[in-house]
Amino acid sequence: MLPIAYVDHVFRCIVVRRVNKFVAEVIFGDRKIEYAYINNTGRLDKLLSEGKIGFCQVKKRGKLRFRLFAIYDDGYGAILDTMMQMRAFEKALELGAIPWLANCRVAKRNVRFGNSLIDYLLMCNLREVYLEVKSAVLREGEYALYPDCLSLRGRRHIRELIKSIELCDRCIILFIAALPNVSKFKPNNKVDSIIHSLLRKASKIGVEIKAIGMLFNPSDNFIYLYDPNLKVEL
């Protein structure tokens, strides 16, 4: 495993409940109940359940004091926070830790592509590469799955890449499996069969479907990249 980012000022907590899409109720060691921000709009039912151990940071801005960024899962931490996942991906890219993105750098974030915004425009040996990132934090055995609830936004992004494949040298959809101890990624056909079909179609016309595995280690507060090229099954 490769350490790629340090997370400072980490506080353990216990999850009480999810209040709404962006807020969870948590308890710290002093038994004081606090509200923590969640930067992940997925359902997260299997992770955000009562009694789970969570990991928070103090927020620098906003009404809420804390940000719930990870949940204890299978010996490590599953990273819920999508912005933290993306920053860790950028650090791995900077370190040259992802072989299939060798000699690539971030040229732009949130770039216009057709009628959508795509997460990244990369420059790879003078070639433009458009890359969209999705968070996969649902576990099924050895698999990480996406999505964990129906995703109209996810469908739109995949359709845009299919429609506009001719406009770019290389298009990639990257699934960040931010869960410990998974060895494969697959679309969650049970939850959103349309996304599954769209990913298969995208792959056939040249959109690359990739996945990487990362986790949070609460023993040293580092995010680790444990698989830079997780097996994808469509």
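Before that, a word on the source. What we have is a predicted model, in which local features need pLDDT of at least 70 and side-chain atom pairs count only at pLDDT 80 or more, while totals for chains, interfaces and linings use all residues. Residues are numbered from 1 along each chain as its sequence is written, and side-chain values use heavy atoms, with hydrogens and water left out.

Now to the cavity. On a 1 Å grid over the protein atoms alone, a cavity is a set of points where a 1.4 Å probe fits but cannot get out, whereas a pocket is an open set with protein on both sides within 12 Å along at least five of seven lines, and lining residues are those with an atom within 4 Å of a point. Grid points are joined across faces, edges and corners, and a volume is the space filled by probe spheres set on the points. A search of the whole structure finds one cavity of 30 Å³ or more. Its lining consists of Leu 44, Asp 45, Lys 46, Leu 47, Val 137, Leu 138 and Asp 148. If we count Ala, Val, Leu, Ile, Met, Phe, Trp, Tyr, Cys and Pro as nonpolar, Asp, Glu, Lys and Arg as charged, and the others, Gly among them, as polar, then the lining of the largest cavity has four nonpolar, no polar and three charged residues.

The largest pocket holds about 820 Å³ of space. Of the 32 residues that line the largest pocket, Thr 41, Thr 82, Val 133, Ser 135 and Arg 153 are the closest to its centre. Helices here are DSSP runs of H or I with at least four residues, and strands are runs of E with at least two, numbered from the N terminus. The elements that give two or more residues to this lining are α1 (82-94), β8 (104-113), β9 (116-124), β10 (127-136), β12 and α2, and the largest share, six residues, comes from α1. By class, the lining of the largest pocket divides into 14 nonpolar, 10 polar and eight charged residues. The second largest pocket has about 310 Å³ of space, and its lining divides into one nonpolar, two polar and six charged residues.

Let me turn to helix α2. With 12 residues at 1.5 Å a residue, α2 should span 16 Å, and its end C-alpha atoms are 16 Å apart, which agrees; the expected span is 1.5 Å times one less than the number of residues. We call a residue buried under 20% relative accessible area, exposed over 50%, and partly exposed in between, using a 1.4 Å probe and protein chains only. The buried residues of α2 are Gly 154, Arg 155, His 157, Ile 158, Glu 160, Leu 161 and Ile 162. Is Glu 160 buried or exposed? Glu 160 counts as buried because its relative accessibility is 5%. Taking contact to mean heavy atoms within 4.5 Å, and leaving aside neighbours within four places in sequence, Glu 160 is in contact with Phe 113, Gly 114, Asn 115 and Ser 116.

In helix α3, the buried residues are Ile 195, His 196, Leu 198, Leu 199 and Ala 202. They cover an arc of only 165° around the axis, which puts them on the same side of α3, where the arc is that of the directions from the helix axis to the C-beta atoms. These buried residues pack against β12 (143-146), α2, β13 (170-177), β14 (184-187) and β15 (208-217).

Finally, the backbone. Most residues other than glycine have a negative phi, and most peptide bonds are trans. Here, however, the peptide bond from Tyr 146 to Pro 147 is cis, with omega near -5°, and Pro 147 lies in the loop between β12 and α2. Asn 125, which is not a glycine, has a positive phi of about 50°; it sits in the loop between β9 and β10, and it counts as exposed because its relative accessibility is 54%. Asn 181 likewise has a positive phi, about 60°, and its place is in the loop between β13 and β14, but at 43% relative accessibility Asn 181 counts as partly exposed.
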